[in-house]
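Biologist: I have the sequence and the model open side by side. Can you walk me through it?

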Amino acid sequence: MVEGGAPVTMSDVARLAGVSTATVSRVVNGRYGVSASTTAQVRSAIERLGYESSLVAASLRRTRTNVLGLVTHSFQSYTAEVLKGVMDALTQSGFDLIVYANSDLYGTYSEGWEQRHLSRLSGTLTDGCIVVTPWGEVRSSTPVVVIDPVRDSTAPSVTADNLTGATTVVEHLLGLGHRRIGFIAGRSSLAAAWSREEGYRKALAEAGVPVDPALIGRGDFNPESAVPLARALLERPDRPTAIFAASDGMALKVLEVAKEMGLDVPGDLSVVGFDNIPESALAEPRLTTVDQSMYRLGYEAAHMLKSLVTGDWEGRRQIMLPTRLLVRDSTAPVSVTTRS
């Protein structure tokens, strides 16, 4: 505090250090262009005045901020469940959490969004960040853990066993007699989306069922992207008897399209999703899906990140969690009329 008990400002620090406020700002934000001796003067002034009015200033006085970040493109049910796991993992850990997301709920993905967010958080505001479903490989000066990384990523990551989960879905549908099984894929750059499509193809190949490219639609995990793809599949004269969507959000849109077209689920069409978001159990009919434990994805990612920050991590840096099929009301044996 300065004389009179008023809060210390950056101008107070600048006056005591004999530099401009712009120089103090560069030191506080870790920018280049300030000599070592000037930086020492500024930090000395910060210490003497007790300038701690922000996390940034406080970070200059210790090696860590004790704040972690979570960076996500948008908030959907998936992200909310991940966040629950993150928060529980950080309970009584001594770390606080900053969540940074785009303002639009289902905004268009744009390349580089995660790097822009990380540049705002890493180093001065946070000790490390969790990044959820990034567009590309992430780079940061502080530890980062990725949930659902891009293909061939080398970053520390936590993901589900998407290949096995998708294979189990198609085996379930094949066991119900379905042979024309449509697939609505997710964003192809993500390892999860690629593995789910591989699981779809693998199960069909092992059953001796040819993969029909006309039955594969290219979505991006945005639920709305599934609407025209589902309609195109279901308007075909040889429409599929089942559709497997690579996320619950897209699968719920398939249910809506089927209802609009007068199709009964599961009588005329079986539908399966992936994720097990809360809405999947509330849908009409209740959605058959793959549970990838989004809560545990968040929990394990937060546990890894805080251990990387403190230097205590000794485990694997790529963690894969098991999945399980939840059979509900949206799948049924293929009917004789549908088969014909």
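Biologist: Which residue is the bridge partner of Ala160 in β11?
Modeller: Leu321 is the bridge partner of Ala160 there. This is a predicted model, so read it that way.

Biologist: How many bridges do β5 and β11 pair over, and in which sense?
Modeller: Four bridges, in the parallel sense. β5 also pairs with β4 in the parallel sense, over two bridges. In that pairing, Ser157 in β5 is the bridge partner of Val146.

Biologist: What is the strand order in the open sheet of six strands?
Modeller: The order is β2-β1-β3-β4-β5-β11, with parallel pairing. β2 and β11 (318–321) stand at the edges with a single partner strand each, so one side of each has no neighbour in the sheet. From one strand to the next, the twist averages 20 degrees.

Biologist: How many bridges join β1 to β3?
Modeller: Four, and the two strands run parallel. Val71 has Val131 in β3 as its bridge partner.

Biologist: Which strands do α5 and α6 lie across?
Modeller: Helix α5 (residues 77–90) lies across β1, β2, β3 and β4, and runs at about 165 degrees to β2. α6 lies across β1, β2, β3 and β4 too, running at about 160 degrees to β1.

Biologist: Which residues of α6 are buried?
Modeller: In α6 (residues 113–121), the buried ones are Trp113, Glu114, Gln115, His117, Leu118 and Leu121. Their cover includes β1 (67–72), β2 (96–101), β3 (128–132) and β4 (144–147).

Biologist: Changing topic. What is the order in the open sheet of four strands?
Modeller: That one reads β7-β6-β8-β9, and the pairing is parallel. The edge strands are β7 (216–218) and β9 (270–272), each pairing on one side only. Its twist averages 15 degrees from one strand to the next.

Biologist: How many bridges join β6 to β8?
Modeller: Four bridges join β6 (residues 181–185) to β8 (residues 242–245), and the strands run parallel. Gly182 has Ile243 in β8 as its bridge partner. α7 packs on this sheet, touching β6, β8 and β9, and its direction makes about 170 degrees with that of β8.

Biologist: And where does α9 lie?
Modeller: Helix α9 (residues 226–234) lies across β6, β7 and β8 and runs at about 160 degrees to β6.

Biologist: Back to α7. Is Asn162 in that helix buried or exposed?
Modeller: Asn162 counts as buried because its relative accessibility is 3%, and the cut-off for buried is under 20%.

Biologist: What does the side chain of Asn162 make a polar contact with?
Modeller: The side chain of Arg196, at 2.8 Å. Beyond its neighbours within four places in sequence, Asn162 is in contact with Asp148, Ala192, Ser195, Arg196, Phe274 and Gln292.

Biologist: Last one, for the whole chain. How many helices and strands are there?
Modeller: The chain has 12 helices and 12 strands. Of its 340 residues, 54% are buried. Among contacts with a separation of 6 or more, 69% are between residues 24 or more positions apart.

Key:
Residues numbered from 1 in each chain as written. Predicted model: local features only at pLDDT ≥ 70, side-chain atom pairs only at ≥ 80, totals over all residues. Heavy atoms only, no water. Buried < 20%, exposed > 50% of the residue type's maximum accessible area, 1.4 Å probe, protein only. Contact = heavy atoms within 4.5 Å. Pairing = 2+ DSSP bridges. Axes fitted to C-alpha atoms, helices over the stretch in contact; angles between N-to-C directions. Polar contact = N/O pair within 3.5 Å; in protein donor to acceptor, adjacent residues only side chain to side chain.
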